[in-house]
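Subject: Structure for your files

Hello,

The structure you asked for is below. My notes on it follow.

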Amino acid sequence: MSSRRSRISEEEINELVSKLQSLLPDNHRRCRGSIRASAASLLLETCNYIKSLHQEVDDLSNQLSALVETMDFNSAQVELLQSLFLS
């Protein structure tokens, strides 16, 4: 890693904040006020949103696992499911 780091301009920060905000669903777009406050709030909202997505994936995975355990599959169906999950 070089000892000299490139600095991000205020304009680049504003552009990145805007892009990040556009990726969040409407109910997670609550940032108001100054750009710095908005950037900090947006990062916090983004982290919270990512955590909620991880929890949702875990919940769906658990539900799917429970559902698969109750079903009777033949080997071709099992192979198909495995290929879908591994792709």
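What share of the 87 residues in the protein chain is buried? Buried residues make up 11% of them, where buried means under 20% relative accessible area, exposed over 50% and partly exposed in between (1.4 Å probe, protein chains only).

This is a predicted model, in which local features need pLDDT of at least 70 and side-chain atom pairs count only at pLDDT 80 or more, while totals for chains, interfaces and linings use all residues. Residues are numbered from 1 along each chain as its sequence is written, and side-chain values use heavy atoms, with hydrogens and water left out.

Fold. The protein chain has three helices and zero strands, in the order α-α-α along the sequence. Helices (H or I, at least four residues) and strands (E, at least two) are DSSP runs, numbered from the N terminus.

Core. Ile13, Val17, Leu24, Ala39 and Leu42 form the largest nonpolar core, a core being a set of buried Ala, Val, Leu, Ile, Met, Phe, Trp, Tyr and Cys residues joined through side-chain atoms within 4.5 Å. Helix 1 (10–23) and helix 2 (35–70) each contribute at least two of the core residues. Leu24 sits in the loop between helix 1 and helix 2 and counts as buried because its relative accessibility is 3%. Its C-alpha lies 8.7 Å from that of Glu45, 21 residues away in sequence.

Helix 3. Residues 75–86 make up helix 3, which spans 16 Å from first C-alpha to last, close to the expected 16 Å; the expected span is 1.5 Å times one less than the number of residues. The count of buried residues among its twelve residues is zero.

Surface. The protein chain exposes about 7,600 Å², 56% of it from carbon and sulfur atoms (Shrake-Rupley method, 1.4 Å probe; for residues, only the protein chains shown count as cover). Leu64, Leu67, Met71, Phe85 and Leu86 make a nonpolar patch of about 520 Å². Helix 2 and helix 3 are the elements that give two or more residues to this patch. Patch residues have over 30% relative accessible area and no salt bridge, with nonpolar side chains (Val, Leu, Ile, Met, Phe, Trp, Tyr) joined within 5 Å. Met71 is in the loop between helix 2 and helix 3.

Salt bridge. The count is one, for a side-chain nitrogen of Lys or Arg within 4 Å of a carboxyl oxygen of Asp or Glu. Glu15 pairs with Lys19, the closest N and O atoms being 3.2 Å apart.

Regards

Note on methods
Patch = residues over 30% accessible without salt bridge, like charges linked within 9 Å, V, L, I, M, F, W, Y side chains within 5 Å.
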